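Please report on the aromatic rings of this protein.

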Amino acid sequence: MTELSEQKTGPAEKRQRRSRKGETRRAEILTAAMRRFAEDGYQNAAIAAIARDVGLSLPGLLHHFPTKVDLLLAILAKRDLDSADFIGLHGSDLRGLLKGMVTVFRRNADMIEVVRAFAILNAESLMKDHPAKAWFLDRATELQDNFASTFERAVADRSIDGGIDGKAMAAELIAVMDGLQMLWLRDPDRFDMVGGLEAYVGRLLASLGLEG
């Protein structure tokens, strides 16, 4: 009975171990790829260099990600999940959204390589036929729509002045976030990105009558 049980569970356990090992390796590759994209940009980053960074041969890396585009799309897919988590946690009311933005900036301040990689990819995606062009366009549109909807809900329930333009405020928020982030990336030791956004959010909440 015991032998039969071992025969039945053994292969499944081995597959599970291989699966966990594969997931760990994929995560290592994605981390190395983001680092390379941050240093060299997507266009100039060599997939062979990424393989060397994680101690793999090129065929070994291609087993997990057959092309550099696959690597890029996997990174963007992970970012999609992070964005969805943010919207789910903080997007329900305007005050929560604005405070949540500061929380996200505080988290981002601890992973400058990731933020730099996405800033570079965002800029590169403006080029014609870039593989991330559609992703960044969809992301910008969705972010602005979500922010605008949150403002519009606050107007509808009379939490804020009915004359406020939700779409314009959404664009302003994104511009402030992107601008602060860029200043920080240029000189992270001297510029306080989190403090800058926290001060802006405080002023905005006060002007909207939502402070406290």
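A charge sits over a ring if NZ of Lys or CZ of Arg is within 6 Å of the ring centre and within 35 degrees of the ring normal. Lys-68 meets this rule: its charged end sits over the ring of Tyr-42, 4.6 Å from the centre.

The model is predicted, so local features need pLDDT of at least 70, side-chain atom pairs count only at pLDDT 80 or more, and totals for chains, interfaces and linings use all residues. Residues are numbered from 1 along each chain as its sequence is written, and side-chain values use heavy atoms, with hydrogens and water left out.

Rings of Phe, Tyr and Trp (its six-membered ring) pair if their centres lie within 6.5 Å; planes under 30 degrees apart count as stacked, over 60 as edge-to-face and the rest as tilted. This rule gives 3 aromatic pairs. Phe-37 and Tyr-42 form one of them, with centres 5.4 Å apart and planes at 70°, so the pair is edge-to-face. Trp-135 and Phe-136 are also edge-to-face, because their planes stand at 85°, with centres 4.7 Å apart. Ring pairs join Phe-118, Trp-135 and Phe-136 into a cluster.

Burial comes next. Buried means under 20% relative accessible area, exposed over 50%, partly exposed in between (1.4 Å probe, protein chains only).

| Residue | Relative accessible area | Class |
|---|---|---|
| Phe-37 | 0% | buried |
| Tyr-42 | 5% | buried |
| Trp-135 | 14% | buried |
| Phe-136 | 5% | buried |
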